[in-house]
Amino acid sequence: MHRLLFLFVLLLGLGAPGAAPAQQAAPPPSPEKLRSLAELLQDPEVRGWLQSQVAAPAAGDAGAAPAAEGVQQSLAGGIDATRGFLRALVAAAPALPAELAAARRVLVAQLEDQGLLWTILSLAVFVGLGFGAEKLYWYLSARFRRRLIGTQLDTLHGRLQAVWLRSVYGLGLIFVFALGSIGAFLLFDWPPLLQEIVLSYLLLVLIVRVTLVLGRIILAPGAERFRLVPMATPTAHFWFVWSAILVGWFFFVQFTLDVLTTLGLRRESWYLVGLACGVVLLGLTLTALWRAPTFDGRDRIGHDHRIGTWMLTLYLIGIWLALFTGSVAPFYVGVILLLLPIAIRGSHLAVKHVLRPAGAAAAEEIPSVLGVSLERGLRALLVIGAALLVAAVLGLDLAALTTRDTVLTRLMRGAINAAIVFLVADFAWHLLRAWLDQRIVTANAGGLGTGDDARRHARLRTLLPILKNVLFVVLAVMAGLIALAALGVEIGPLVAGAGVVGLAVGFGAQTLVKDVISGMFFLFDDAFRIGEYIESGSIRGTVEGFSLRSLKLRHHRGALHTIPFGSLDKITNYSRDWVIDKMTVSVTYDTDLDKIKPIVKQVGKELAADPEFAPHILETLKMQGVEQFGDYAIQIRLKMMTRPGEQFVIRRRAMAMIKKAFEANGIAFAVPTVTVAGGGGGGAVPPAVAQHALDRAKPAGEAG
């Protein structure tokens with residue numbers, strides 16, 4: 001009773017404001033109030049509530065220290081556990097031979113009825129049955145193999161068909177071997193230990209057969225034309241053999257350790273055997289790494305990529321040393337993280353090689369939408385599969401993550417959701433980029449021709465690069481915000497802060513905003529396109545490209561102008577639809593004008609009939625008439641309508657043809673002449689007078 005009263009007073013003291021101690025002490029309550037308080041404290045509900053209220057702060061204070069020191073304690077505990085495990089290994093090493101001998105005695109006792117030799121023979125018989133079933137399958141599938149060998153690989157359809165047929169044939173081989181060996185074994189009753197041993201090593205042989213079948217499908221060491229991953233034949237044969245060796249030894253060790261555990265080997269002794277076998281696996285892996293040829297088969301990887309080989313060697317030694325921590329999980333995680341990039345790289349090369357254009361030896365630079373879908377889809381499957389394997393190795397219950405509500409589970413759920421968001425965003429971006437790149441290539445292939453298609457291609461060449469950049473920014477921002485939300489970060493303040501920052505940037509960088517907005521309106525108005533010749537103010541040139549804020553113009557003499565959109569005034573486009581080119585020809589006053597018109601008309605017909613110029617001439621050359629009477633010549637105006645940019649070449653050709661036609665018809669071009677008559681008896685004209693007359697006859701700007 002007194003303890004509950006003390007707890008109640010303590011609770012009141014904890015809930016009092018900080019200024020209470022400085023105040024004057026309150027008067028004591030009356031005896032009636034004390035009796036009422038005592039009766040309340042005898043109520044079980046009130047007593048339970050008081051105890052929970054006092055215990056809650058204590059529990060919170062007690063849990064704060066472990067939360068703050070959890071990382072340090074975990075690290076220190078891990079180091080102590082590793083030291084203890086190493087001491088246990090050292091202590092168990094002298095007893096290892098005796099334990100292995102005891103395990104052998106247990107095995108012999110268990111197999112007393114059949115005998116060890118009979119067990120080995122049984123294993124050999126069932127493996128032989130598997131190979132016999134494969135031989136029968138090979139004989140019965142002769143027609144299928146002939147069809148497969150005769151598949152034409154020049155087209156994409158033929159290559160996809162070959163991959164499908166080879167995969168079906170390989171799955172058939174695996175199924176037939178498993179049915180002939182393991183299936184036949186399971187038809188009989190066996191002692192439990194014998195069944196576990198024989199079944200384990202039958203599974204080992206099956207795994208090696210699966211590795212070899214996959215190697216024949218992917219590497220095809222004996223059939224280069226069917227090879228999925230492009231590499232030299234020596235390289236393919238090397239990895240075909242060594243992949244089977246490494247996989248076979250890895251699973252041989254796993255199954256052997258399982259059998260030793262069944263035979264009663266202690267954990268420390270079992271671990272010592274595993275470490276010794278791990279040394280052999282490490283040696284085999286390093287041998288394969290340093291002896292492996294390059295993709296072209298001309299040199300060894302250890303010679304051609306020495307730094308990368310040494311880094312990979314250190315990584316392999318590191319994951320083997322991780323076994324000394326007392327857990328095999330870091331080793332398995334390291335192996336998975338080693339194989340994942342290899343599998344991703346192999347799938348990338350295989351997809352590019354299989355989906356290469358018809359008749360091409362190498363893949364195209366711009367991947368197709370189908371290729372990107374397959375490649376990114378395979379990459380996502382590989383990453384998800386590796387994540388599931390890592391979770392299984394670490395003993396993570398993914399289903400429990402959705403029900404528990406601790407800090408760790410929330411972080412793990414957020415990390416998984418963020419990883420899924422980034423995978424989806426990566427897949428969507430590469431798919432959109434491949435589609436846009438294909439459209440850009442198609443637009444570039446359209447050239448600078450004429451017609452609606454050419455105009456549409458020009459507009460695509462102009463807008464698609466900007467659309468690609470905008471899509472990338474939008475996807476990146478959306479993926480980042482969704483990932484932060486999945487990690488538990490409140491993105492509302494971030495969005496609001498981004499709005500404030502954007503407003504500040506808008507006020508502080510008005511010129512930049514003006515350039516961007518002006519560029520958007522220029523593009524919406526379709527004022528210019530890439531490849532068009534435009535003029536703005538005193539600058540003219542061909543549009544080579546543009547960004548969000550500036551335009552690049554290449555002058556016809558080679559200078560490159562970079563002009564902010566906000567600095568552009570009116571734009572004159574010389575490359576749209578058509579252009580009228582006018583020419584002036586000066587003839588003498590004694591020329592018969594009626595002869596000139598048919599001559600010009602004939603020249604126009606010849607130009608229109610020329611296959612080099614005909615596609616670019618909209619209206620052929622014709623004579624408009626007399627432009628004016630000059631001081632020394634009659635000026636005749638000619639004109640023609642051509643495609644933009646083609647008028648210069650056609651004009652030069654027309655001028656040459658007109659000169660030749662005029663000379664053939666006796667029509668003379670007028671040139672300025674000066675006749676100077678001397679005074680008196682025809683003496684010599686002073687040179688200064690003659691030069692003055694010639695200067696007056698020259699056009700303006702040429703005098704002097």
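Me: Is Glu544 buried, exposed or partly exposed, and what is its relative accessible area?
Reply: Glu544 has a relative accessible area of 42%, so it counts as partly exposed. Keep in mind that this is a predicted model.

Me: Which side chain does Glu544 meet in a salt bridge?
Reply: That would be Arg554, with 2.9 Å from N to O. The pair links distant parts of the chain, 10 residues apart: Glu544 sits in strand 2 and Arg554 in strand 3 (residues 550-554). Arg554 is partly exposed because its relative accessibility is 29%.

Me: What does Arg540 form a salt bridge with?
Reply: Arg540 pairs with Glu535, and their closest N and O atoms are 3.0 Å apart. Arg540 has 32% relative accessibility, so it counts as partly exposed. Glu535 has 17%, so it counts as buried.

Me: How many salt bridges does a search of the whole structure find?
Reply: The search finds 10 salt bridges. One of them joins the side chains of Arg376 and Asp426, at 2.9 Å from N to O. Those two are 50 residues apart, with Arg376 in helix 14 (residues 369-394) and Asp426 in helix 16 (residues 407-445).

Me: Are Arg376 and Asp426 buried, exposed or partly exposed?
Reply: Arg376 counts as buried because its relative accessibility is 11%. Asp426 is partly exposed, with a relative accessible area of 25%.

Me: How many bridges join strand 1 to strand 2?
Reply: Four bridges connect strand 1 (residues 533-536) with strand 2 (residues 539-546), and the two run antiparallel. To find your way in the picture, look for Ile534, which stands opposite Gly541 in strand 2.

Me: What about the sheet with three strands, in what order do they come?
Reply: Three strands make an open sheet in the order 6-8-7, with antiparallel pairing. Strand 6 (579-587) and strand 7 (617-629) are the edge strands, each pairing on one side only. The twist from one strand to the next averages 20°.

Me: How many bridges join strand 7 to strand 8?
Reply: Eight bridges do, and these strands run antiparallel. One place to look is Val626, whose bridge partner in strand 8 is Ile636.

Me: Which helices lie across strand 6, strand 7 and strand 8?
Reply: Helix 20 (residues 593-609) lies across them, running at about 160° to strand 7. Helix 21 (residues 647-664) lies across these strands too, at about 25° to strand 6.

Me: I spotted Lys639 in strand 8. What does Lys639 touch?
Reply: Leaving aside residues up to four places away in sequence, Lys639 touches Ile580, Asp581, Lys582, Thr620, Leu621, Lys622 and Gln624. Lys639 is buried yet has no salt bridge. The nearest side chain of opposite charge is Glu619, 5.0 Å away.

Me: Where is Gly666 found?
Reply: Gly666 is in the loop between helix 21 and helix 22 (687-697). Its relative accessibility is 68%, so Gly666 counts as exposed. The C-alpha atoms of Gly666 and Lys595 are 10.0 Å apart, although 71 residues separate the two along the chain.

Me: Changing topic: at what angle do helix 9 and helix 10 pack?
Reply: Helix 9 (residues 233-262) and helix 10 pack at about 180°, with axes 10 Å apart. The two are therefore roughly antiparallel. Their contact includes Trp239, Trp242 and Phe250 of helix 9 and Trp270, Cys277 and Arg291 of helix 10.

Me: And at what angle do helix 10 and helix 12 pack?
Reply: Helix 10 (residues 267-291) packs against helix 12 (residues 306-321) at about 170°, with their axes 10 Å apart. This pair is therefore roughly antiparallel as well. Among the residues making the contact are Leu275, Gly278 and Trp290 of helix 10 and Thr309, Trp310 and Trp320 of helix 12.

Me: Last one: how many helices and strands are in the chain?
Reply: The chain has 22 helices and eight strands. Buried residues make up 31% of its 704 residues.

How values were computed
Residues numbered from 1 in each chain as written. Predicted model: local features only at pLDDT ≥ 70, side-chain atom pairs only at ≥ 80, totals over all residues. Heavy atoms only, no water. Buried < 20%, exposed > 50% of the residue type's maximum accessible area, 1.4 Å probe, protein only. Lys, Arg positive; Asp, Glu negative; His and termini not counted. Salt bridge = Lys/Arg side-chain N within 4 Å of Asp/Glu carboxyl O. Contact = heavy atoms within 4.5 Å. Pairing = 2+ DSSP bridges. Axes fitted to C-alpha atoms, helices over the stretch in contact; angles between N-to-C directions. Parallel < 35°, antiparallel > 145°, perpendicular 65-115°, else oblique.
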